[in-house]
Amino acid sequence: MSEFVAVILLIIIFIIFNNLNTKIRKLEKEISDLNYKISKTPVPSEVIHKNPSIEETIIQEPLQPHQIIIEDIKRTEREEQIPTPVQKDWLTPVFDFLKQNALTIIGIFTLVLGIGYFVKYAIDKNWIGETTRAAIGFCIGAGIIVTGHFLRKNYTAFASIITGGGIAVLYFTATIAFREYHLFTQNTAFFITALITAASILLSYYYKSEVLIIFSLIGGFAAPLMISTGQSNYLFLFIYITLLNTGMLTASFLQHWKSVGWTAYLFTTAYLFYWTNESTELLSITFYLISYAIFYIFALHDYFRKNTLSTSDILILALANFSSILGLLYIFDTLGYEPPIIFPLIFATVNSILLLREYGRKNFGVPYSVFAGLVTSLVTTAIAIQFKTHLITSIWAIEATLLLFIWKRTGHHIFKVFFYILFPMVMIAQIVTWTEYMETNNFNIILNPPFITSSFTIASIIANLYLLRNTKHESEEKSNNFFEDLITVASYGVIYITFLLEITYHISDMPWEAITSIGLLFTIYYIFILLLFRKPLNIKTDIQTALIYLLFILATLNLSGSVSSIVPAVLTKRLHLSFYWLHLLQWIPFIYTCFRIFPSSEFHKRQISYWIMSLALIICISYELHHSYVLMVSNDIPHSYEASEHFNILYLPIIWTILASIFIYTGLRKDIQEYNKIGFALIGLMALKLYAYDVWQMDNVSRISAFIALGIILLLSSFAFQRLKNIIRNMVDKKDNDEESTDQQSG
């Protein structure tokens, strides 16, 4: 029953195809007749002579010298108005081809599958033997290729895909005949697949079909996998691949097919990496260098012909350099050969020759920038390798910077995409590098692999930040700002974590109180440095505001939490008293931020900012004096509890009263109402604390002393405020009188 249905379907498909073919031929005949009629239509003579050329004008009436100059200026203006051709994205032709020929590709794929299922069905029914099966496969493949040959004139793209499908059938047939049926030896199978590849490449060149040669290359690179028996013969394999790449290079030079080179590069790199991983041999270095030379020549084809580098050329130059270095350095590291920096330096020398060529010609365009970026990146890689950094992290970081540099210099968005892809990978690799701090206990200070690797990453990040903030291309869009801001924040985070981990690693034997305090102190200073250099670093105002908030919060946490835990450690002799005074360094950035950075920032334009800064200042001063008092009067933990309670009851209200007076005085003098509110709020809080709790906990002497001291302070403050008000009132009255006298004199 199924055979009958299949026959019916084939008949229906044949009828539909024949009907469509008839209609297409009819349309082609109508178009041909229409073109013939248009070509025979006479053109009026007045139209022909309506716009004589410039040469004819010159012959008819010679121009005067001043008229010649004017014509030259006009011609120059017209040439300047002609827009320069914009380079299209190299992926666009591929997507256009896929959209236009999607049905054809699906159709040939389905046909190949159908033939395969038919052969399988025939095998299951024992209709044909093994030799006959292989013969049928070869005949079907050849028949499809012949069909494509006859269709190539009128249906070029369709014929190319059809021919590619026939080549695929031949490859699969040869593979099955060798692996499943064992009809011939491995050498014979390889000869057949190589013959298929050579024939398909010749057909591609004869048809001038880029699609067909891609099919041929895919089949050629897949052939070793099809006939593999599991026994590795890498020498024979890479001689074959080198010959295949040489044929690719010849075809790309003759027909200028970029996609052919990319196909060969991807397959060759995959084979080389697999060989390097499976069987690391010194022989593989030879094939790495040969492949590097082949693909470098491929990438520089247009450069030597027209002195231009397309996006595709630049990308393959960068990838060829760094993929080759990655494989070669892995071989040297595995086999223990020295020095490993020889390969980056050799590649840097090659690019330096091209860089000097551009410099000698005084041509500082895109090629000059690309070669300069490659040389810088390769020399930096050599330095990183010499310092025993982590290979993947360093190379990815340097390559990310190279991609960003080329993007900013050329404006080609493909490099932006690759940079956005590679940058997160650099971050992941850097995190993996940091894990070594937890696995090793005897690293040197600074001169250790994780920190040196991180240093190269930081150098790369600094270059990235410079390129992101200080170079703009006309083609860039505002949508890039979000990603650039995200990359900027991540970059500053990497720098911070690098130094923080290095510091904490070398003080890990100290008590946790000391580690926490030093970590917070470093964080405060890191934020302070960012704020100090906010203008050169081009940090946005929103980020500046967030950093100021964070600095106040961390300073408060350090004194209220970390230093509070240091006091008991000092009293129990686990930490020396001198370590306690180390935290006083946090007052330098805190005071500088309050009096210099805060007034000139967007942060102080919000009313709540005065409350946040004042609250941080009150808490920090209160805790600072509290800890100092406890350490001065206590010798052990029990006495510290008593000293702490005594300070909170007796001295804290006095401190708050003094601070409140300062706030009110500052508010009156600078006419900032928020400081007045803060001062009176603090006095109210002090009075509430004093009368609701403290007064009931004091002895008589302390109660008397506290009330007298607070009373005197409040009276003096009130007197100072009244005096200040009078001074301000007198100044205002004097100003008004001066204005009135001026008006009278003018009147």
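Let's start in a loop. N307 sits between α14, residues 301–306, and α15, residues 311–335. Keep in mind that this is a predicted model. N307 is not a glycine, yet its phi is positive, about 60°. Most residues other than glycine have a negative phi.

There is another residue to look at here. K573 lies in the loop between α24 and α25, the latter being residues 577–580. K573 also has a positive phi, near 65°, and is not glycine either. Is K573 buried or exposed? Exposed, because its relative accessibility is 71% and the cut-off for exposed is over 50%.

Now the core. The largest nonpolar core has 164 residues. Which members touch the most others? F238, M248, L317, F371, F419, F552 and F590. Helix α24, residues 541–571, gives this core its largest share, 13 residues.

Take M248 from that list. Leaving aside residues up to four places away in sequence, M248 touches L217, V260, G261, A264, I294, F295 and F298.

Last, a helix pair. Helix α26 covers residues 587–597, and helix α27 covers 607–633. Their axes come within 12 Å and cross at roughly 150°. Angles over 145 degrees count as roughly antiparallel, so α26 is roughly antiparallel to α27. The crossing is left-handed. Who makes the contact? On α26, W587, F590 and C594. On α27, M613, A616, L617, C620, I621 and E624. By type, that contact has 8 nonpolar residues, no polar ones and 1 charged. Note F590: it is in the contact with α27, and it is also among the core residues that touch the most other members.

Notes. Residues numbered from 1 in each chain as written. Predicted model: local features only at pLDDT ≥ 70, side-chain atom pairs only at ≥ 80, totals over all residues. Heavy atoms only, no water. Core = buried A, V, L, I, M, F, W, Y, C linked by side-chain atoms within 4.5 Å. Buried < 20%, exposed > 50% of the residue type's maximum accessible area, 1.4 Å probe, protein only. Helix = DSSP H or I, 4+ residues; strand = E, 2+ residues; numbered from the N terminus. Contact = heavy atoms within 4.5 Å. Axes fitted to C-alpha atoms, helices over the stretch in contact; angles between N-to-C directions. Parallel < 35°, antiparallel > 145°, perpendicular 65-115°, else oblique. Left-handed = near helix turned anticlockwise from the far one by under 90°. Nonpolar A, V, L, I, M, F, W, Y, C, P; charged D, E, K, R; others polar.
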